[in-house]
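Work through the exercises below with the sequence and the model open side by side. Try each task before reading its solution.

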Amino acid sequence: MSSSQLKSMEKLIITLAYLAVIIIWSTTPLTIKWSSEGVGYLPGLMFRMMIGACMSVLLVVVIYRKLSFSASSCKAYTAVALALYGGMIPVYWASQYISSGLISVIFGISPIVVGYLSYQFIQERSFSAMKVLGSLSGVIGLGVIFLEDMSLNSEYTYGILATLLAVLLHATSAIWVKGLKIEMPPLSLVSGGLLFTMPLFLLSFAFTKPEIPVEIPARTIWSILYLGVVGSILGFVCYYYLLKRLAASTVALITLITPVIALFIGKIFNNEAIGYAVFMGTLFVLLGLALYQWGDLLLEKVWRKRNFFCG
């Protein structure tokens, strides 16, 4: 294949990976809730990660013959484990007290956090005033969408704080992985990260000693399987593939898109109500996305035209 064909193929793969992450992350909040029905948040999460670890290691052995455990590889696995364990535990715990939609709303601030961290620690010049304005507009829109679901109680507050912690840990992991610049297949990266999280999940399980019922609802089982195979393997493989090829803040832009889609998924599959606020919130989200993606370019063009006519 020629170089132009290879570039076109790579662009297509990046596009498909980007769309896959959007779809997977849009369905994750609802399936997280379903995966905890009848078993509790920690068993549901641990079963998911066990399935993901076994499947990913098997795939690595079949495709690449071995999984590297060099010093640099282990450092990368630790960075991934920060997102898989540190980022997942708070979200699963918070899902007991706040809606899946609100979890997505809070994760909408990820572009701001990732953009700031990438600017500070890996010198990605992607944290500008227009991007901040766009991110804030998107978050405001998401807040408007779920305004009617907000309440004032301690569990609600703890759920928000836990999700904010998950956002920070997830963003830190993304910047850490990006900064390591290690050449490793995304599948191996995810597999190693899942392996590194398993002792942590087992310790958490042994410490809390949650009860597991004899009968588990079918929807719970299917949700755990979906999250274990699609969410933990395919989703993270695509995510880390994008991290290696795109700016970290551009990847984080996904978190402004997924809550809107998740809202309609909740309506279709979980009978969640959609009010007038959705349409107003969507306008803010679209405005935020436009400012985040093209705000700097638009500002630069306006400035050039001003200088042209003034000059």
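**Exercise 1. Find which residues of α8 meet which residues of α10, then describe the crossing.**

Step 1. List the partners. From α8 come H170, S173, A174, V177 and K178; from α10 come F236, Y239, Y240, L243, K244 and R245. Contact here means heavy atoms within 4.5 Å.

Step 2. Sort them by class. The contact of α8 with α10 holds six nonpolar, two polar and three charged residues. Ala, Val, Leu, Ile, Met, Phe, Trp, Tyr, Cys and Pro count as nonpolar, Asp, Glu, Lys and Arg as charged, and the others, Gly among them, as polar.

Step 3. Get the geometry. The axes of α8 and α10 cross at roughly 55 degrees and come within 10 Å. Axes are lines fitted to C-alpha atoms, for helices over the stretch in contact, and angles run from 0 to 180 degrees between N-to-C directions.

Step 4. Name the arrangement. α8 and α10 are therefore oblique to each other. Angles under 35 degrees count as roughly parallel, over 145 as roughly antiparallel, 65 to 115 as roughly perpendicular and the rest as oblique. The crossing of α8 and α10 is right-handed, meaning that the near helix is turned clockwise from the far one by less than a right angle.

**Ground rules.** The model is predicted: local features need pLDDT of at least 70, side-chain atom pairs count only at pLDDT 80 or more, and totals for chains, interfaces and linings use all residues. Residues are numbered from 1 along each chain as its sequence is written, and side-chain values use heavy atoms, with hydrogens and water left out.

**Exercise 2. Describe how α5 packs on α8.**

Step 1. Locate the helices. α5 spans residues 100-107 and α8 spans residues 154-180. Helices (H or I, at least four residues) and strands (E, at least two) are DSSP runs, numbered from the N terminus.

Step 2. Read the geometry. The axes of α5 and α8 are 9 Å apart, at an angle of about 45 degrees. So α5 and α8 are oblique to each other. α5 crosses α8 in a right-handed sense.

Step 3. Name the contact residues. α5 supplies L102, I103, I106 and F107, while α8 supplies Y156, I160, T163, L164, A166, V167 and H170. By class, nine are nonpolar, two polar and none charged.

**Exercise 3. Is G87 buried or exposed, and what does G87 touch?**

Step 1. Check accessibility. G87 counts as buried because its relative accessibility is 4%. Buried means under 20% relative accessible area, exposed over 50%, partly exposed in between (1.4 Å probe, protein chains only).

Step 2. Find the neighbours. Beyond four places in sequence, G87 contacts L82, A166 and L169. G87 and H170 are 83 residues apart in sequence, yet 5.3 Å apart C-alpha to C-alpha.

**Exercise 4. Describe the setting of S35.**

Step 1. S35 belongs to helix α1 (residues 3-35).

Step 2. S35 is buried because its relative accessibility is 0%.

Step 3. The side chain of S35 reaches the backbone oxygen of I32 at 2.8 Å.

Step 4. Not counting residues up to four places away, S35 touches G44, Y92, T220, S223, I224 and L227.

**Exercise 5. What is the phi of R65, and what is that of K209?**

Step 1. R65 has a positive phi near 75 degrees. R65 lies in the loop between α2 (41-64) and α3. At 68% relative accessibility, R65 is exposed.

Step 2. K209 has a positive phi of about 50 degrees. K209 lies in the loop between α9 (186-208) and α10 (218-245). K209 is exposed at 66%.

Notes. Polar contact = N/O pair within 3.5 Å; in protein donor to acceptor, adjacent residues only side chain to side chain.
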